[in-house]
Amino acid sequence: MESVVEVRKDPPEELAESSWLAKAGYEWVATDVQTQQSLFHWSWLLKLWLNCTPIFEKGARRDIVVPERVTAVECVCHGQEGAAKEFFYMYMCHFSQLHNRLLFDEFTMGVLRLLNVGPTQLHPNSLAYLQAFWLLCMALYLQPSPRAFLYFFITRPRSSMTWLSLISWPGFNRLYAFTQSFKHFKDGFFKVVVKQVDQSHFYIADGNTKFPFFWTGNPWRYKVISREDLSMAEKEVVDTLMRFSDKMPTKGLVRVYNLVHPIIDIEGIFL
């Protein structure tokens, strides 16, 4: 019997993009960031991945944002540059490994706003810390806050504009790193397009976004967050977590995030 092999045909407009000129004006970004292209400039590949990976929280509204492919010349550090749609970039690993889900909660947006970075500008290892911290607070019936979270970390690097990392203060470290070397995440970014710009989820009353949608040239590089700068509720969060003498596994906590009953499972770990 003769077998028939179906050959995938790429849309002409997507093939033509490979000859476009690269965007200029990003000399302030490290070379390995501004030269890394995405696998998801092919629409078929993005659709295939989306069929296998959940990106929305259960019960979340799905009429506010929609995932879209990038063009062949887009880099993760690029801005909107005349695009008609409002959007921000996300990495594939945010959903497949870190179990992030859309839509963002106020704590996540608050950390990005305080650090003044876009979602892809924060290194995935650091975003995993954020996920684990949120889970710990939920398990202990505490209100997570950006300042209480950043109390345990400092930022790195302080000069070259690359992915921003959070480094634990010696003696304050309560979480192991998600991984010692987070590999193969740089070429898996795509757009999250905001369908209704007037939606209050991503915007405040004056029309500004609740967090930077794109990479910024001036992320907050603080040395330390003083205890005196914390509110009473934030001090309670810090004091409670400081009672734990052993570090906790960030990777394990992030996986718990994807379970049906995370609070019960975390309390079991503590017990």
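I take a nonpolar core to be a set of buried Ala, Val, Leu, Ile, Met, Phe, Trp, Tyr and Cys residues joined through side-chain atoms within 4.5 Å. The model I am reading is predicted.

**Entry: core.** I looked up the largest nonpolar core and found 76 residues in it. V65, F88, L102, L115, F133, F149 and F202 have the most contacts inside this core. Helix 6, residues 124-139, gives the most to this core, with nine residues. I then listed the neighbours of F88, leaving out residues up to four places away in sequence. F88 touches F104, P119, F190, K191, V192, V194, F202, F211, F213 and F214.

**Entry: whole chain.** I counted 10 helices and five strands in the protein chain. Of its 271 residues, 48% are buried. I took contacts between residues at least 6 apart in sequence; 79% of them join residues at least 24 apart. The accessible surface is about 14200 Å², and carbon and sulfur atoms hold 55% of it.

**Entry: helix 3.** Which residues of helix 3 are buried? In this helix, residues 43-50, I noted S43, L46 and W49. They cover an arc of only 130° around the axis, so they sit on the same side of helix 3.

**Entry: cysteines.** I searched for disulfides and found zero. C75 is in no disulfide; its nearest cysteine sulfur belongs to C77, 5.4 Å away. C77 is likewise in no disulfide, with the sulfur of C75 nearest at 5.4 Å. I use a cut-off of 2.5 Å between the sulfur atoms for a disulfide. C75 counts as buried at 5% relative accessibility. C77 is buried too, at 1%.

**Entry: salt bridges.** My search of the whole structure gave six salt bridges.

D32 bridges to K186, with the closest N and O atoms 3.6 Å apart. D32 lies in helix 2 and K186 in the loop between strand 4 and strand 5, so the pair ties together parts 154 residues apart in sequence. D32 is partly exposed at 37%, and K186 is partly exposed at 31%.

K210 bridges to E106, with the closest N and O atoms 3.0 Å apart. This pair links the loop between strand 5 and helix 8, where K210 lies, to helix 5, where E106 lies, 104 residues apart. Is K210 buried or exposed? K210 is buried, at 13% relative accessible area. E106 is partly exposed, at 47%.

D239 and R227 meet at 2.8 Å, N to O. D239 is in helix 8 and R227 in the loop between strand 5 and helix 8, 12 residues apart. I have D239 as partly exposed at 30%, and R227 as partly exposed at 30%.

Definitions and conventions:
Residues are numbered from 1 along each chain as its sequence is written. This is a predicted model: local features need pLDDT of at least 70, side-chain atom pairs count only at pLDDT 80 or more; totals for chains, interfaces and linings use all residues. Side-chain values use heavy atoms; hydrogens and water are left out. Buried means under 20% relative accessible area, exposed over 50%, partly exposed in between (1.4 Å probe, protein chains only). Helices (H or I, at least four residues) and strands (E, at least two) are DSSP runs, numbered from the N terminus. Contact means heavy atoms within 4.5 Å. Accessible areas come from the Shrake-Rupley method with a 1.4 Å probe; for residues, only the protein chains shown count as cover. The arc is that of the directions from the helix axis to the C-beta atoms. A salt bridge is a side-chain nitrogen of Lys or Arg within 4 Å of a carboxyl oxygen of Asp or Glu.
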